[in-house]
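Subject: Structure handover

Hi,

Here is the structure I promised to pass on. Please open it alongside this note, and my findings follow below.

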Amino acid sequence: MKHSKMPSLSELNEALEYNEVLTQIAAFASFSRSEDKILHSLPKDSLYEIQEALNRCKQAAAFLQAGGDLSMGGISDITQAVKAAAKGVTLDGSDLMAVAMFLAACRDIKKTFSETEDRYPILTELAMTIDECSRLFEKIMDQIDLSGAIKEDASAKLRSLYRKNTQLRADLAAKGKAFVTRNADSLMENMTTTIQGRMSVLLKASDKYKFRGMVHGSSSSGQAFYVEPAEFVELNNEIQSNRMEIEEEKKQILRELSRMVKSNANAILSDLETVSVIDVAFAKAKWMLAHDGCIPSIHPSCRSIQMEHAIHPLLEQSKAVPNTYELDENQKVLMMSGPNMGGKTVTLKTIGLFVVLSHAGFPLSAHKVKIPQFEGMYFDIGDNQSIENNLSTFSAHAARLAKITQAADDKTFVLLDEIGNGTDPLEGACLAQAVLEDLNAKGSRVVASTHYDEVKAYGKSDPSILVSSVEFDPETLKPTYRYLPGISGASYAFDIAESFPFEPSILQRARALKQSNQSEVQKQLSQLEKEQLKAQKKQERFDALIKDAHELQKKAAHEKEVLEKKKKRLDEEYEARLSAELDARKEEARKILKKIRKMNGAMNHEQIEAMAQIDQLRPDQKQEKRSVDESLKPGDYVHVEILDGHGEVVSVKKKEAVVLVNGKKITVSKDQLTRMKRPKVEKSIKAHKDRTFEAFPLELNLIGMRVEEAMRSLDHYLDQAVVHRIKNVRIIHGMGTGALRNAVWDDLKRRNSVLKYTSGGPGDGGLGATLVELK
């Protein structure tokens with residue numbers, strides 16, 4: 001038979017406070033049976049069993065994170081009741097209702113996982129093995145109420161007996177009422193009473209035999225007697241008999257239900273085991289999520305240890321300092337050094353506890369854990385002094401070390417706190433080194449702590465040993481609990497002693513003695529520790545600066561992204577508003593032009609120009625970039641894209657050109673012009689006209705002109721209008737920005753020849769034209 005090298009529950013509780021952690025996890029369980037399973041969990045040497053437990057927990061966590069809800073309300077451990085029924089014991093109503101509530105939970109669990117589409121195969125497979133015992137469940141629910149009492153209609157016979165009981169009581173009540181009415185003079189109270197379940201009356205002492213029947217007792221004064229008159233006896237007897245039949249029927253119902261429980265006992269006990277396994281998985285998952293934990297990864301062939309962002313679960317999670325502990329494939333020993341109360345023991349217990357919990361199938365309070373599979377675990381931590389065996393602290397320590405070295409191999413995990421402590425320092429250091437050499441040679445994975453400089457020096461010289469420490473602040477004389485891999489820790493004994501009221505001369509002498517007694521190796525080690533600490537501080541400052549720089553870079557990038565998104569949103573909003581406004585204006589213009597078309601056809605050029613002006617107001621980003629013919633010159637004939645017309649180039653500027661279209665000069669962008677052949681115009685024979693009598697135009701179109709050019713044209717036109725004695729003219733300036741219209745009105749205001757002027761009506765160009773009346 002294989003001897004287990006795994007520790008017992010008591011050993012784990014003593015070394016690692018294991019029971020306190022299990023109690024913390026068990027608090028998430030739904031009922032006592034799964035709580036008990038958690039509280040008695042031990043590390044296993046079967047990787048299959050470990051992995052099954054971890055996989056169940058992993059799927060339970062995934063179920064919860066996906067918003068799943070597994071109801072186990074009302075469930076309880078019914079093991080004792082079911083085993084009693086299996087032995088032929090009749091269960092009472094409360095036990096039977098507990099069985100029904102358990103079966104109801106079983107039904108809900110099975111239904112829940114039957115609807116998950118095999119996303120949680122291990123839990124689903126477990127749930128599908130549940131026997132709902134539907135007939136037993138329905139029978140109990142039909143006959144027992146939630147309080148555990150038998151329902152009055154639990155059976156046809158019981159229902160009939162209760163109806164009969166109701167009738168008998170009604171008959172007796174009527175008889176009692178009639179008796180009280182007839183014999184009020186003989187009664188001490190005008191009411192009936194009940195003695196031992198039988199209706200009676202309280203008669204005067206002188207009349208106690210007047211109505212025959214049975215005397216059940218007397219009042220304390222002896223002046224009155226409780227009497228059951230003869231006429232009550234028969235009905236009282238019937239009621240008593242009926243009550244006995246009811247109780248017998250109830251017992252029969254309980255016996256029958258208990259027999260059904262007995263016939264389903266094996267299925268129910270199997271369900272209990274299945275449900276408790278599922279509940280344990282969910283308790284672990286809830287604890288893991290509450291601690292921001294993870295499922296450990298255990299590998300039989302891997303020899304490295306990795307624990308990232310590890311926090312001891314008994315520490316306050318929001319305040320505890322997370323650490324990362326690592327040993328690579330070639331490192332077998334993690335050696336911790338540093339002052340007392342510096343956090344070494346917490347580090348040792350965290351690592352040891354994680355190894356034990358993972359092998360017991362539990363999640364861990366870390367972000368990532370990867371460890372080898374161990375088949376044996378040994379712990380020597382704390383004061384192992386034994387009064388019973390008359391062992392001193394060192395003797396108990398030595399006995400424990402001897403046992404560990406005898407049993408250890410390459411599948412063993414060993415945790416040693418203050419190895420070699422409790423005896424002569426030199427001998428203790430030598431023993432510690434010898435034990436570590438032995439365990440190292442056997443391939444065991446060892447986590448140990450020591451104060452001895454000799455042991456630290458040995459660790460520094462062996463590449464398979466990682467010497468580390470927990471940071472201690474010499475200024476505050478308090479630990480920071482930050483794990484420092486590769487850096488050994490000083491004891492700070494004298495620094496700590498300075499915080500107490502020692503005479504300065506004593507501490508000076510102590511330092512001098514240490515200096516004189518230290519070997520050259522110890523002095524070099526001490527100096528190395530100081531240099532390592534300085535290097536660590538510089539590295540931390542450098543890392544902090546790099547981190548700050550990265551944070552600033554990330555912040556700047558984020559702010560840039562936010563601003564770009566905001567700009568893009570504002571641009572889109574502005575463009576949408578502008579487009580909507582322009583569309584509205586264009587629609588309004590179309591309506592105006594529709595009216596114009598119904599008027600004189602000679603106004604087509606006004607329609608074209610108005611449409612062109614509206615189109616030019618559209619945002620540039622919506623238009624495709626067009627090529628520009630830079631060789632255009634006055635006299636060239638061109639097609640005007642925006643007007644869908646053609647004409648002759650009159651003049652060319654930097655980005656614009658003035659084109660004569662249909663007899664009107666229009667300024668347009670050069671990218672709207674495309675060179676074309678001048679169309680042939682058939683000559684027609686015209687009658688000679690005397691220019692003196694040529695009709696004077698009654699309107700002036702200023703659209704496309706700059707303000708200065710427009711004012712010159714307006715001045716010339718109005719002078720000619722006065723010469724031709726024209727009374728009413730129309731000045732077309734368009735709506736645009738309003739600058740040209742304002743300039744026209746300012747000019748008209750100053751002219752003596754102008755009688756009045758006003759904006760055009762709907763048929764006269766609206767706000768895009770001004771009607772002028774001359775004197």
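Of the 775 residues in the chain, 41% are buried. Bear in mind that this is a predicted model. The chain has 21 helices and 23 strands. Take the contacts between residues at least 6 apart in sequence: 67% of them join residues at least 24 apart.

Start with helices H6 and H8. Helix H6 covers residues 93–114. Helix H8 covers residues 134–143. The two pack at an angle of about 130 degrees, and their axes are 9 Å apart. Angles from 65 to 115 degrees would count as roughly perpendicular and those over 145 as roughly antiparallel, so H6 and H8 are oblique to each other. The crossing of H6 and H8 is left-handed.

Which residues of H6 and H8 meet? From H6 come Leu96, Met97, Val99, Ala100, Met101, Leu103, Ala104 and Arg107. From H8 come Leu136, Phe137, Ile140 and Met141. By type, this H6 and H8 contact has 11 nonpolar residues, no polar ones and one charged.

Next, look at Gly148. Gly148 sits in the loop between helix H8 and helix H9, the latter spanning 156–182. Is Gly148 buried or exposed? Its relative accessibility is 14%, so Gly148 counts as buried. Leaving aside residues up to four places away in sequence, Gly148 touches Gly93, Ser94 and Met97. Ala98 is 50 residues from Gly148 in sequence, yet the two C-alpha atoms are 8.5 Å apart in space.

Now helix H15, residues 453–461. The buried residues of H15 are Val455, Lys456, Tyr458 and Gly459. They span an arc of only 160 degrees around the axis, so they lie on the same side of H15.

Helix H20 (residues 707–723) packs with helix H21 (residues 739–750). The angle is about 40 degrees, with the axes 10 Å apart. That angle makes H20 oblique to H21. H20 and H21 cross in a right-handed way. H20 brings Val707, Ala710, Met711, Leu714 and Leu718 to the contact. H21 brings Leu740, Ala743, Val744, Asp747 and Leu748. The residues of the H20 and H21 contact divide into nine nonpolar, no polar and one charged.

Best wishes

Note on methods. Residues are numbered from 1 along each chain as its sequence is written. This is a predicted model: local features need pLDDT of at least 70, side-chain atom pairs count only at pLDDT 80 or more; totals for chains, interfaces and linings use all residues. Side-chain values use heavy atoms; hydrogens and water are left out. Buried means under 20% relative accessible area, exposed over 50%, partly exposed in between (1.4 Å probe, protein chains only). Helices (H or I, at least four residues) and strands (E, at least two) are DSSP runs, numbered from the N terminus. The arc is that of the directions from the helix axis to the C-beta atoms. Contact means heavy atoms within 4.5 Å. Axes are lines fitted to C-alpha atoms, for helices over the stretch in contact, and angles run from 0 to 180 degrees between N-to-C directions. Angles under 35 degrees count as roughly parallel, over 145 as roughly antiparallel, 65 to 115 as roughly perpendicular and the rest as oblique. A crossing is left-handed if the near helix is turned anticlockwise from the far one by less than a right angle, and right-handed if clockwise. Ala, Val, Leu, Ile, Met, Phe, Trp, Tyr, Cys and Pro count as nonpolar, Asp, Glu, Lys and Arg as charged, and the others, Gly among them, as polar.
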